[in-house]
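This report describes the fold of one protein chain, from its overall dimensions to its packing. Please read it with the sequence and the 3D view at hand.

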Amino acid sequence: MKVARIGLVGISGFGKTHLKTIQKLEGRYIEFKAFSEINYEKNKDEIERLKSKGARYYVDYQEMLDKESDLDFVVLSTPIHLHSPMAVHAMEKGFNVLLEKPPSVTIQDVDKIIDVSKKTGRICAVDFQNTSGKAFRRLVDYVTEGRFGRLKSLVGVGKWKRDEAYYQRTPWAGKLKFNGHYVLDGTINNPLSHLLNNLLILAAASTDGGGVPEEVTAELYHGHRIESEDTACVRIITQAGIEVMYYTTLCNPQQETPFILLKGTEGEAYWDYSNVLKVKFSDGNEESFNFGYEDLFENMYVNMVKSLFEREQLYCPVDITRNFVLASNGAFESCDSVVEIPDDCIIVQREGESVVTYIKDIEEIIDKASSEKKLFSEIGVSWAVRSKPFKLSGYREFRKYGGEGDSRG
Ligand SMILES: NC(=O)c1ccc[n+]([C@@H]2O[C@H](COP(=O)([O-])OP(=O)(O)OC[C@H]3O[C@@H](n4cnc5c(N)ncnc54)[C@H](O)[C@@H]3O)[C@@H](O)[C@H]2O)c1
């Protein structure tokens with residue numbers, strides 16, 4: 001197969017994972033031609049190392065696009081608020097794009113990306129790598145084939161732990177807005193965005209309109225003293241009447257494997273991030289798969305290359321992520337503000353070099369709420385605050401928190 005010439009924008013932070021993947025695939029699937037990184041001083045050693053291996057360096061990504069017109073695709077691993085302007089600009093200049101998740105923060109921005117992708121005929125794939133594992137692909141196939149009958153509900157649970165350093169790593173971490181731009185950085189848009197995206201992909205696979213959120217009710221909280229949420233419970237009712245529940249926290253005492261439970265009229269399934277799938281059909285048949293470790297980042301690159309040169313279907317084209325952005329915007333619209341968990345309901349403690357924040361009893365709270373498909377306020381959690389269902393039909397613009405400034409990144 002032809003090798004794809006690529007350029008990367010943003011090399012530190014998550015860019016390091018991209019560089020590792022690129023190194024693994026170099027020569028077989030891709031040729032690393034160029035990269036852009038705005039912060040030379042901080043990344044001097046890595047920039048010089050990459051240059052010495054033959055990749056051309058640009059401070060300004062626009063100059064990279066101007067000078068490297070023969071790239072087959074560009075990878076954008078930059079802060080969330082730069083995704084939309086960069087993806088739009090790259091496609092308008094004729095490049096295909098592998099864009100980090102989330103595709104954008106707002107519905108107006110993802111619509112712009114989808115529109116430009118259609119107009120230019122350029123591919124924009126979103127690096128939601130959890131769409132690419134064998135267990136998830138198998139589950140999507142089963143749902144598409146109708147093997148669970150009509151889908152009734154999907155429940156996603158993600159209980160993770162993050163320390164203070166996580167919020168210090170970049171200036172937009174944990175913010176609602178950064179430099180006048182929306183970031184809405186939290187479980188929904190960042191670390192556990194994969195879970196929400198996968199829930200809605202499954203719902204979409206079941207029937208027309210299955211994944212399109214029609215009404216969202218969300219309760220958003222933070223245990224860490226940040227602006228945005230680090231703990232969420234969200235109820236989404238889709239156009240097809242499927243109930244999608246999403247429960248997440250970054251204030252759990254330990255890191256647990258996120259999972260999805262699916263229920264249909266003719267069967268049910270359990271899928272998790274460790275590439276495990278268990279299905280049970282109403283006729284008594286059961287199947288269990290453990291596909292073991294897969295490099296999901298490698299999957300996304302190979303899929304991008306094969307989609308360009310062999311017309312393989314993308315795991316995560318930008319248009320299927322619109323439901324995710326709609327649900328995310330609906331969640332922030334549904335509650336007046338992100339609620340702070342009171343001091344007496346959190347534990348902040350030093351663990352070795354790090355400082356961690358836990359919400360007391362958060363595991364039990366999420367387990368109870370998710371097993372009953374209720375929001376935290378509906379099971380009587382003392383700090384929980386009720387919010388209102390938000391209708392999304394005809395919803396085209398997110399403009400909470402005083403709107404967005406004009407200047408871009
Ligand atoms: N797929 C995943 O599982 C996963 C995991 C973590 C992060 N991410 C995503 O990766 C992206 C980057 O996150 P991060 O934490 O690395 O962010 P970051 O703030 O550390 O920025 C990443 C890099 O982009 C560079 N950069 C910023 N503006 C630039 C510009 N105009 N031109 C060139 N380079 C520029 C920064 O200097 C930095 O090196 C985010 O979208 C995040 O959501 C994805």
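**Whole chain**

The model is predicted. Eleven helices and 20 strands make up its secondary structure elements. The radius of gyration is 21 Å, close to the 22 Å that the globule rule gives for 409 residues, so the chain is as compact as a globular protein of that length. Its C-alpha trace spans about 60 × 50 × 45 Å along the principal axes. Buried residues account for 48% of the 409 residues. Of the contacts between residues at least 6 apart in sequence, 73% join residues at least 24 apart.

**Domains and their contact**

The domain assignment divides the chain into domain 1 (4-129) and domain 2 (132-292 + 317-391). Their centres, taken over C-alpha atoms, are separated by 28 Å. The contact between them draws 20 residues from domain 1 and 23 residues from domain 2. On the domain 1 side, α5 (107-120) and β6 (124-126) each supply at least two residues, and α5 gives the most, with five residues. By residue type, the side of domain 1 that touches domain 2 divides as follows.

| Residue type, domain 1 side | Number of residues |
|---|---|
| Nonpolar | 13 residues |
| Polar | six residues |

**Largest nonpolar core**

The largest nonpolar core holds 119 residues, and those with the most contacts inside it are Val 74, Ala 87, Val 97 and Leu 199. Helix α8 (residues 193-206) gives the most to this core, with eight residues. Domain 1 and domain 2 both give residues to the core, so it lies between them. Leaving aside neighbours within four places in sequence, Val 74 is in contact with Ile 6, Gly 7, Val 9, Ala 90, Phe 95 and Val 97.

**Helix α11**

Which residues of helix α11 (residues 362-372) are buried? They are Ile 362, Ile 365, Ile 366 and Ala 369. These residues cover an arc of only 90° around the axis, which puts them on the same side of α11. The face turned away from that buried side carries the exposed residues Glu 364, Ser 371 and Glu 372. The cover over the buried residues of α11 includes the strands β7 (151-159), β11 (231-238), β12 (243-249) and β19 (354-359). After α11 comes Lys 373, which has a positive phi, near 55°.

Technical notes. Residues numbered from 1 in each chain as written. Predicted model: local features only at pLDDT ≥ 70, side-chain atom pairs only at ≥ 80, totals over all residues. Core = buried A, V, L, I, M, F, W, Y, C linked by C-beta atoms within 7 Å. Buried ≥ 20, exposed ≤ 12 C-beta atoms within 10 Å, placed from the backbone. Helix = DSSP H or I, 4+ residues; strand = E, 2+ residues; numbered from the N terminus. Domains from an automatic or database assignment. Contact = placed C-beta atoms within 7 Å. Arc of directions from axis to C-beta. Rg over C-alpha atoms; globule rule 2.2 N^0.38 Å. Nonpolar A, V, L, I, M, F, W, Y, C, P; charged D, E, K, R; others polar.
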